[in-house]
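Welcome! Keep the picture open as you read.

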Amino acid sequence: MRRELARVLSKAGLCSRRVAAEWIRAGRVRVDGVCVRHPDARVASERAVIAVDGRRISGAERSYWALHKPRGFVTTRRDPSGRPTVYDLLCGVGEWVVPVGRLDLETSGLLLLTNDTQFAERVTNPKSHVPKTYRVTAKPRLDAGALERLRGGVTLSDGPTRPAIVKKLGDRGPCTAFEITITEGRNRQVRRMVGEVGGRVEKLARISIGAVELGDLASGAVRRLAEAEMRSFARERSAKG
C-alpha cells in the first residue's frame, strides 16, 4: 500500500505529521537512498527503505502513559492564546506522544498519551465502547428523575446518547455530586448531558478510562501504564467482538 511519507513517519510513532513534514522539507528523510522533500510523496511503506538523518526507521518502541491533567490546561501542542498545554507537563516523558482523546480546559483528570496511533484509535473509536468514568459536581441539585434521565440517555444536538451508569455521591449545599460512566467521547459530552437535565457542571474530573484509574496520581504528574492495564484494553476489544 502506498501512503504519504509524512503519514508513514507519524504512524511509525516517531513524531506528529506536522513535525514529519518539517523533517522532510529540511531534507532529513531518504527513501531507498533518495532524498525526498515532499511530505505528500507516496511511498510503498512495507517495502521502502526509509531513513531519517541516515538511520533507518523500524518503528519507535511503543510508549503508553497516564497524565493527571490539571484544570486550566488545553489538550493541544500549541495554543494561540498562550494558555498552558498538557505538553508543558511532559518533560519527563522524553519522547513524542499524543493525547488519546481530549479533556476541555476546565476539566481535570485522567488523560492517556501514546505514540501508538492504532492504540489511540482503538480507545477513542465509539465502536470500541471503552468506558470512561467522570466525577461530577453539578448545580443546582439534581433530583432522582434527572439522574434517571442520564442513566437512560438523553438527546443532544448531535443525537441521542447511549445509556450511562450513574452513581449518586450525595448533595452538598446547592450541588449534587455523582459519578457517570459513558462509552462515547463526544465534545463536552458530560457537560451537555447535565445541561439537558437542567443542571450546570461546576466541577468535572475524569477518574478512569477502561481499567486505567487515576488513583492517587498527583495533579500534573505522569506515569507509564502497567502491562496489566495494557492487556485490559486488548481484553475489552475481544469482548466487544
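On a 1 Å grid over the protein atoms alone, a cavity is a set of points where a 1.4 Å probe fits but cannot get out, while a pocket is an open set with protein on both sides within 12 Å along at least five of seven lines; lining residues have an atom within 4 Å of a point. Grid points are joined across faces, edges and corners, and a volume is the space filled by probe spheres set on the points. The model is predicted, so to speak of local features a pLDDT of at least 70 is needed, side-chain atom pairs count only at pLDDT 80 or more, and totals for chains, interfaces and linings use all residues. Residues are numbered from 1 along each chain as its sequence is written, and side-chain values use heavy atoms, with hydrogens and water left out.

There is 1 cavity of 30 Å³ or more, and the largest cavity holds about 30 Å³ of space. Among the residues lining the largest cavity are Val123, Asn125, Val130, Lys132 and Gly185. This lining divides into 3 nonpolar, 6 polar and 2 charged residues. Here Ala, Val, Leu, Ile, Met, Phe, Trp, Tyr, Cys and Pro count as nonpolar, Asp, Glu, Lys and Arg as charged, and the others, Gly among them, as polar.

Find valine 130 in the loop between α3 and β10; helices (H or I, at least four residues) and strands (E, at least two) are DSSP runs, numbered from the N terminus. Valine 130 has a relative accessible area of 5% and is therefore buried (buried means under 20% relative accessible area, exposed over 50%, partly exposed in between, with a 1.4 Å probe and protein chains only).

## The largest pocket

Now for the open space: the largest pocket contains about 380 Å³. It is lined by 22 residues, and the closest to its centre are Arg102, Tyr134, Gly185, Arg186 and Arg206. At least two lining residues each come from α3 (117-124), β10 (132-139), α5 (189-196) and β15 (200-209). By class, the pocket lining has 8 nonpolar, 6 polar and 8 charged residues.

## The nonpolar cores

A nonpolar core is a set of buried Ala, Val, Leu, Ile, Met, Phe, Trp, Tyr and Cys residues joined through side-chain atoms within 4.5 Å. The largest one has 31 residues, and those with the most contacts inside it include Tyr134, Val136, Phe178 and Val194. Elements giving two or more residues to this core include β7 (64-69), β9 (108-114), α4 (144-152) and β14 (175-182). A second, separate core of 18 residues includes Leu9, Val31, Val43 and Ile50.

## A cluster of rings

Which three residues do ring pairs link into a cluster? They are Tyr64, Phe119 and Phe233. Rings of Phe, Tyr and Trp (its six-membered ring) pair if their centres lie within 6.5 Å; planes under 30 degrees apart count as stacked, over 60 as edge-to-face and the rest as tilted. The count is 2 aromatic pairs.

Tyrosine 64 and phenylalanine 119 are edge-to-face, at 5.0 Å centre to centre and 75 degrees between the planes. Because tyrosine 64 lies in strand β7 and phenylalanine 119 in helix α3, this pair ties together parts that are 55 residues apart in sequence. Phenylalanine 119 counts as buried because its relative accessibility is 1%. The rings of phenylalanine 119 and phenylalanine 233 have centres 5.3 Å apart and planes at 90 degrees, so they are edge-to-face too. Phenylalanine 233 belongs to helix α6 (residues 227-240), 114 residues from phenylalanine 119.
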